[in-house]
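Here are some friendly notes to read alongside the structure. Take the points in order, and keep the 3D view open as you go.

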There are 2 protein chains.
Amino acid sequence: MIQIAIMGLGTVGTGVARVVAENSRQIERKLGEPLQVKTILVRHFKDGPYRQLMTDDFKKIEEDDSIRVVVETIGGVGAAYEYTKRALMAGKHVVTANKQLVAEKGCELLELAKKKNVNYLFEASVGGGIPVLHPLTQCMAANRIDEVYGILNGTTNYILTRMVRTGAFFADALREAQAKGYAEADPTADIEGIDAGRKTCILADLAFGHQVDPDKVPMEGISKLSLRDVKLAERAGYRIKLLGRAVRLPGGGRTAYVAPHLIPEDNPIAGVEDVFNAVVIRGNATGDVMFYGKGAGEMPTASACVADVMEALQASPRREEIGWSPDTDGFEDPAELHTRYYFRIEGSLTDAAMSFGQVEVLSEDGETAFLTDRISGLEVQQQAQNLKILACMRVLP
Amino acid sequence: MIQIAIMGLGTVGTGVARVVAENSRQIERKLGEPLQVKTILVRHFKDGPYRQLMTDDFKKIEEDDSIRVVVETIGGVGAAYEYTKRALMAGKHVVTANKQLVAEKGCELLELAKKKNVNYLFEASVGGGIPVLHPLTQCMAANRIDEVYGILNGTTNYILTRMVRTGAFFADALREAQAKGYAEADPTADIEGIDAGRKTCILADLAFGHQVDPDKVPMEGISKLSLRDVKLAERAGYRIKLLGRAVRLPGGGRTAYVAPHLIPEDNPIAGVEDVFNAVVIRGNATGDVMFYGKGAGEMPTASACVADVMEALQASPRREEIGWSPDTDGFEDPAELHTRYYFRIEGSLTDAAMSFGQVEVLSEDGETAFLTDRISGLEVQQQAQNLKILACMRVLP
């Protein structure tokens, strides 16, 4: 019998308890012995099926040597950070879905786990139930990773899908997402690209082996996106999606950012709709590999946590290859990237051509929408300074 | 310095040597020390960059204690089976892309590997460079796997894509695939569904934990597929794809087979074109997760082998959770499956209705094409016996 603890009993924490109970047969077959949740750390006691497992005293976990793995589903960097450190110090494996903590403190926590010869695993922090980080770090370990990009936030993808399918305005689509429980009452972290940004940092950390600080990563969401751009893009054969991208630059540097992009409709990721997520990993040997599925939700995310619990127990003493250098050198501004840009300006085609030379016109009726050739973000800033810009987005190659 | 051997120097074997050389920096960073190909087993010596590593004597590998991992890329079950057994007996990890050997002898070879406390890994045998087996066995380990299906053969998917896009007949599309090097001179294993069938067996073995014998798995290819059905399906909103499917049956049994299917065009797998592969894994917690990319080719497949080499070295002493029972009980004929069927018959709608009751008509002009309600394969055999059947395929739900 292997015993574990859960910290936090929100959506994911409850899911972890459910997966351990409902899939006990599958888990025991793989582990060779049964898995049991012994203790659940909560702030306030509540009635329910797990009442007798609850404690509000972290020491009950920290000092219990029979607990070998702790699943942290508290969220944020306050108590979660503190308890994760103490659990690792106490020689326990820690598993989490907490993307904010991994993005901000992951490098330090992995270092501590290494010292204590235990695992700190966080597959569920990116893509929920979709396997992404293990494939990236293990299955594609013989590749040089050149780029990772993806639809990393289901809420915003649901809103964009509604805008495309029903012609809804952003605000209406957001209200619909909230009514369906896909968006929180305060949707800021989702719609402003912050949630996707944290996941992008984790992908960049693992893909390139260097710490990427979230506060260096430009995060632009979809709250300013106009229905007009969605329609113009669609007519020209593109879909607008919020992408997190982590790119190895030709000069050897690396960059990462989150922003809405125009994606050619024959790219498989253009067809990813509703609350689904997808991540594309480009290896120099494999080419593009895509992972697709439900990126959030109680059971998918929880099952990824439980798989990490099993991995932590089986990878003895620990998985060496998950980690990255604290050195942030080589991180460059995404303005270094060369790509095509979409513009909608208040002005004529002549105005567009004066700034960018030859462009591909998408629409001309008072406003002008067009695509530039491949240029850098720096060139965009210089060449577009005399234009009245209504919208500007990168086009995915 | 870690030393390995390669057996066989065809496309994949050469790729393994190239990946080890070209991505040496990435590999060393992950492994903590350099990886080197020491010996390559060939039948006939050839000039080239690896001339000085070649031997035609397997004992040079078997008796060399400095070789810790052997990559088997010979193919087939003859010499590959013999040498794999002897390499495992000698205490070496073995890694392979050989789907025939894994489908037929995998269970026995895994048992032997377990006895010798080494790894037998074969990620590259399904999906080439796309991570599929590791995600299935590790990342989704906390799920009950209810179904796995996929486009597992790039050659046939290329042919089907040409038939849809250019209206080419099967024979012409096959010749085109051969001219481009996507199909072999003898294309039987690809177009008759045998290659996809072996991969389906491996997926079923790992998903359900019981041996699935390839000779029990019905394998139907695309050589009899008519362009007329491709066009009728497309007009009705479906794409025809060759799928391998492994399904957990409601009664607790399991089945597996390969056959062309009609797939609704809003299913992401319907958009998988050309030589690309895709595998969908349905877990009871994660829901459907899809893995997409290049399923074959020198560098993608080789990079999956090299990742397994690294995994074999890091998973000490061995990965316990990869394996299945030799017991084949519970395997049932796919006729047990309930699903909708597509028919094209020489006859009228009245003939169709007399056999199947209410049907959905797709076309009526001398021949009649229609979709049935959900029925079992056994019911199809009984109810269709008076019809002149020109085509019959399952419809993916």
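1. Let's begin with one pair of strands in chain A. Strand β5 (residues 93-96) of chain A is joined to β6(A) by 2 bridges, and the two run parallel. To find the pairing in the 3D view, look for Val94(A), whose bridge partner in β6(A) is Tyr120(A). Please keep in mind that this is a predicted model.

2. Now widen the view to the whole sheet. The pair belongs to an open sheet of 6 strands in chain A, in the order β3-β2-β1-β4-β5-β6, with parallel pairing. Which strands stand at the edges? They are β3 (54-55) and β6 (120-121) of chain A; each has a single partner strand, so one side of each is left without a neighbour in the sheet. As background, strands of a sheet pair through backbone hydrogen bonds, either parallel or antiparallel.

3. The antiparallel kind turns up between the two chains. Strand β11 (residues 287-294) of chain A is joined to β11(B) by 3 bridges, and these strands run antiparallel. Here Phe291(A) has Phe291(B) as its bridge partner.

4. Next, look at where the chains touch. On chain B, 48 residues are in contact with 48 residues of chain A. The elements giving two or more residues to this side of chain B are α2 (24-31), α6 (133-139), β11 (287-294) and α12 (298-314). The largest share, 10 residues, comes from α12(B). By type, this side of chain B divides into 23 nonpolar, 16 polar and 9 charged residues.

5. Finally, the core. The largest nonpolar core holds 259 residues, and those with the most contacts inside it are Cys305 and Val306 of both chains, that is Cys305(A), Val306(A), Cys305(B) and Val306(B). What does Val306(A) touch, leaving aside its neighbours within four places in sequence? Val306(A) is in contact with Val16(A), Val19(A), Val20(A), Ile27(A) and, from the other chain, Ala142(B). In soluble globular proteins, nonpolar side chains tend to be buried together.

Conventions
Residues numbered from 1 in each chain as written. Chains lettered and ligands numbered in written order. Predicted model: local features only at pLDDT ≥ 70, side-chain atom pairs only at ≥ 80, totals over all residues. Core = buried A, V, L, I, M, F, W, Y, C linked by C-beta atoms within 7 Å. Buried ≥ 20, exposed ≤ 12 C-beta atoms within 10 Å, placed from the backbone. Contact = placed C-beta atoms within 7 Å. Helix = DSSP H or I, 4+ residues; strand = E, 2+ residues; numbered from the N terminus. Nonpolar A, V, L, I, M, F, W, Y, C, P; charged D, E, K, R; others polar. Pairing = 2+ DSSP bridges.
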